[in-house]
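I begin with salt bridges and then turn to domains, the pocket and the backbone.

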Amino acid sequence: MTKFNLNGRAVETIDSDDTPLLWVVRDTFKLKGSKFGCGIGQCGACTMHLDGIAKRTCILPIIAVEGKSVTTIEGLGTPENMHALQAVWTEQGVPQCGYCQSGQIMSAAALLETNPDPSKSEIDQAMKGNICRCGCYPRIKKAILDVAANRKVKKLQLSEVATGPFPEDVS
Amino acid sequence: MKGWNLTRRGFLKASGIVGGGLVIGYMVTRDGPPLPVADIEGALTPNAFLQLTPDNMVRFYFPRDEMGQGAMMGLTTLIAEELDYPLNEIEVLFAGAHSAYNNPDFNLQGTGGSTSMKVHFLPLRQVAANMRALILDAAASDLNVSRSSLTTHDAQVIAGDQAFPYAQFIETASAAELPESATLKPKTEFKYIGKEIARIDGQAKSTGTAEYGIDIEVPNMHYAMVKRCAVAGGTIKSFDAVPILATVGVTDVVAIDSGVAVVATSFWQAKKAVAALTVEWNLPELANISSQQIKSDYQQALQDEKGDSYSEGDITQGFTAASKIVEREYWAPYLAHAPLEPLNAVVRIENGEADLWSGTQFPGVAQGLVARYAGLPKEKVRVNSTFLGGGFGRRGALTHITEATQTAMATNKAIKLIWSREEDIQNGFYRPASLMKIKAGIDERGKISAWQATRVGGNLTPSVLGVVLPGVLPRVPSGITNLITGAANSVFDGWSIDAVSIEGLIDDYDFANKEIKHITVDHGLPLTFWRSVGHSYTAFAKETLIDELAEFAEADPVEFRKQHTQDNPRLQQVIEMAGQAMQQWQNELGRYVGFAAHGSFSSYVAEAAQISIENGGIKVHKIVCAVDCGQVVNPDVVRGQMEGAIMFGLTAALYGNIELENGAVKESNFHNYPILRMDAAPTVQVVIVDSDEAPTGVGEPGLPPIAPAVANAVYAATGKRLYAMPFRL
């Protein structure tokens with residue numbers, strides 16, 4: 001059994017210790033916003049924050065999450081209360097197929113937490129672990145720069161995002 | 001939540017999986033099979049696409065698929081415009097499978113070939129305009145005023161200083177005759193078409209609430225993964241299910257057509273178990289083939305010069321008139337599509353009915369495949385489409401739907417099948433490899449007098465037929481569908497040329513004397529459409545040779561292209577526009593520029609690339625792209641598709657390579673099949689021709705020119721011509 005904090009809520013799971021966090025979040029806790037893309041930490045579609053740091057969760061065994069705090073895209077913001085990055089992503093039409101965007105936004109949010117005013121090359125370095133097969137990179141970069149410029153970034157504190165939606169279990 | 005509503009909750013509701021009950025019903029129509037639209041009491045449903053509910057909501061049954069290309073935004077814009085209904089408040093639902101939703105270009109319910117706006121621009125506007133006219137007719141009757149005294153504004157009928165919601169007139173409208181040819185709005189009155197409006201799917205995709213096939217869950221669902229032969233076409237000799245069945249969570253191990261399916265109660269259990277499974281295979285002929293062999297077989301075929309040809313003008317005369325003749329060969333490898341969402345499908349079969357949840361480019365074919373392998377009539381199969389996490393052609397080849405259905409049948413369970421990334425790269429369908437040769441002559445005036453092109457490789461059409469036919473003809477035995485596919489193979493090997501194999505190789509320019517030849521050599525790796533199809537390799541050959549010819553003619557590459565597009569004014573115009581934009585670039589030390597242009601999917605694109613050579617590699621800095629895609633419905637979607645196609649094409653130009661070793665694909669995941677990343681992505685400036693021509697393709701035409709533009713820039717930088725993709729200095 002592993003206990004951890006998911007979007008501000010204390011949770012526990014009996015998934016086997018080697019189960020990657022991604023699948024625990026997606027299939028046990030039914031938060032489907034984080035995606036499976038490669039399974040080897042190469043594409044970043046599964047990016048979540050672990051104690052505030054962007055992590056590839058498709059290769060992170062759940063046992064390593066014991067006692068830690070996990071934030072997913074659902075914990076970052078909701079359609080009704082979007083994070084500044086999500087709002088700009090929406091306004092600027094960043095996503096195409098959209099499948100990588102949760103991971104992109106989680107990486108961008110972690111970057112802005114530690115570096116509120118990144119240069120273009122700092123953005124490249126922070127974001128190059130996230131593949132966008134549709135090639136939305138110019139828009140992703142512009143959106144991050146605009147959010148930084150507008151100083152809209154909310155301080156991401158887990159206490160403030162305790163309303164992470166747990167949709168009713170469809171099963 | 002009011003407004004656009006394809007969030008998780010909205011989708012679940014529409015697809016009938018909330019609370020286990022079926023919300024969606026089947027509307028009974030007077031003729032033909034019932035339409036898969038919601039049976040809502042008191043709603044007005046004048047056609048397969050639109051539904052006005054008593055609370056004045058409009059539901060749009062979106063007939064195409066949304067894989068990133070923006071068709072959902074584009075087609076919803078058409079509805080909002082002619083129905084005079086707020087764009088952001090239309091509830092968009094993925095249409096179920098029904099011939100009413102066929103793509104007129106395919107006569108199938110399919111999305112591809114950059115056709116969505118081209119085929120729907122007028123018909124969907126007409127559908128919406130007719131519905132608005134019907135509401136106005138009913139309002140005139142109900143209010144007892146003249147029809148001409150009424151107008152509409154944002155979902156309301158306006159009568160003098162009074163406004164009435166559309167829904168107020170549903171009852172009268174339901175009994176009235178539907179107008180068939182209501183007048184469409186003139187361009188000057190457009191509120192939405194041609195305007196800068198953010199995509200309606202942006203918010204769901206930025207908040208993790210957009211739903212993809214991989215996100216679907218149904219009660220008592222089990223997870224399946226399939227062990228397939230490393231060599232395409234291999235069949236099972238033997239396998240030992242016993243140790244795998246003893247693994248925690250595993251419930252079934254069953255043989256299906258494509259391999260051995262392992263079923264478990266979680267994805268992780270299925271993934272571990274399938275990795276531990278050993279299968280002995282009967283290997284096909286392809287197992288003796290490696291990439292080197294394929295290249296040398298193609299080379300041999302090129303020398304043997306057998307094949308089918310087609311010509312215009314007098315090629316012999318053309319070469320006689322030439323003062324200089326050049327002959328070059330070009331190589332393009334097999335490529336995987338690698339959409340970021342791995343293939344998946346959820347299939348549930350119970351009580352003589354089946355449900356499929358998946359994002360595919362051919363929902364109608366998918367319905368047929370489920371019907372075929374579940375032994376049900378097509379009408380008993382509901383297709384619940386989702387967003388596609390990338391398509392690029394890959395989600396048109398639907399063997400994963402067959403796998404999920406066969407596994408569900410064999411285990412009597414609701415199945416969610418997921419492919420791993422490794423399976424996606426190694427067990428898929430590929431962009432065909434091509435060897436091309438072009439021999440061209442220029443005369444003393446610097447005009448191209450002869451253009452003779454040959455392509456060697458496999459043909460797409462028979463391969464695609466092989467995967468599509470079993471779904472199109474679910475009741476026809478596989479022996480017959482195999483026979484038809486085999487016949488197609490023969491037709492393109494000695495009788496005729498498969499147009500998509502050579503598209504773009506002899507077009508675009510004023511070639512008075514030209515000849516195209518095709519030589520079919522196919523080693524059996526499964527092939528399918530890959531973003532921009534034949535153009536993805538023909539533009540590279542054509543446009544790098546044009547650059548060489550310009551040099552021989554001592555002409556500027558942009559001017560040379562303009563001189564040779566007298567008969568192709570729309571291509572000439574984008575060449576001019578991109579050329580002018582390129583002139584704005586400052587000369588920067590160590591930066592070099594290359595140019596290319598190509599017409600595809602009835603659109604015209606020219607691109608210039610600025611590069612430098614850094615640490616022995618190619619660094620692409622800037623791109624300018626000029627596009628003529630006819631009348632533009634959403635400029636930002638057009639720009640996005642040009643940007644995306646450029647990145648997709650750069651991945652192929654710089655990295656893309658699928659190699660075979662003993663018939664098996666060597667690459668396996670993103671570490672050895674790399675995709676362009678942000679630090680390698682150039683900036684892109686897109687200029688769009690202001691046009692009143694009919695809308696044409698947008699999703700694919702931005703791709704073909706990028707590889708040759710970069711290759712030509714590399715020549716400017718290094719003096720070395722590139723003749724093979726991916727580029728190696």
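**Notes on chain B**

1. A network of salt bridges links D508(B), K542(B), E543(B), D547(B), E551(B), R561(B) and R721(B); a salt bridge here is a side-chain nitrogen of Lys or Arg within 4 Å of a carboxyl oxygen of Asp or Glu. Over all chains, the structure holds 46 salt bridges.

2. The model is predicted, so local features need pLDDT of at least 70 and side-chain atom pairs count only at pLDDT 80 or more, while totals for chains, interfaces and linings use all residues. Residues are numbered from 1 along each chain as its sequence is written, chains are lettered from A and ligands numbered from 1 in the order in which they are written, and side-chain values use heavy atoms, with hydrogens and water left out.

3. Because R721(B) lies in the segment after α20 (706-718) of chain B and E551(B) in helix α16 of chain B, the pair ties together parts that are 170 residues apart in sequence; helices (H or I, at least four residues) and strands (E, at least two) are DSSP runs, numbered from the N terminus. R721(B) counts as buried at 11% relative accessibility, whereas E551(B), at 40%, counts as partly exposed (buried means under 20% relative accessible area, exposed over 50%, partly exposed in between, with a 1.4 Å probe and protein chains only).

4. Another salt bridge joins R328(B) and E548(B), with the closest N and O atoms 2.9 Å apart. This pair links distant parts of the chain, 220 residues apart, since R328(B) is in strand β13 (residues 324-332) of chain B and E548(B) in helix α16 (residues 535-552) of chain B. R328(B) is partly exposed, with a relative accessible area of 23%, and E548(B) is buried at 4%.

5. Chain B is divided into domain 1 (8-206), domain 2 (213-284 + 343-418) and domain 3 (292-335 + 431-459 + 498-718), with bounds that come from an automatic or database domain assignment. The C-alpha centres of domain 2 and domain 3 of chain B lie 38 Å apart, and seven residues of domain 2 are in contact with 10 residues of domain 3 (contact means heavy atoms within 4.5 Å).

6. Where does the largest pocket lie? Domain 2 and domain 3 of chain B both give residues to its lining, so the pocket lies between them. A pocket is an open set of points on a 1 Å grid over the protein atoms alone, where a 1.4 Å probe fits, with protein on both sides within 12 Å along at least five of seven lines, and lining residues have an atom within 4 Å of a point. The volume of the largest pocket is about 1300 Å³, volume being the space filled by probe spheres set on the points, which are joined across faces, edges and corners. Of its 49 lining residues, the closest to the centre are G233(B), T399(B), F429(B), V467(B) and P526(B). Helix α13(B) gives the most to this lining, with seven residues.

7. Two backbone details deserve a look. D508(B), a member of the salt-bridge network, has a positive phi of about 75° although it is not a glycine; D508(B) lies in the loop between α15 (499-502) and β20 (514-520) of chain B. The peptide bond from M725(B) to P726(B) is cis, with omega near -5°.
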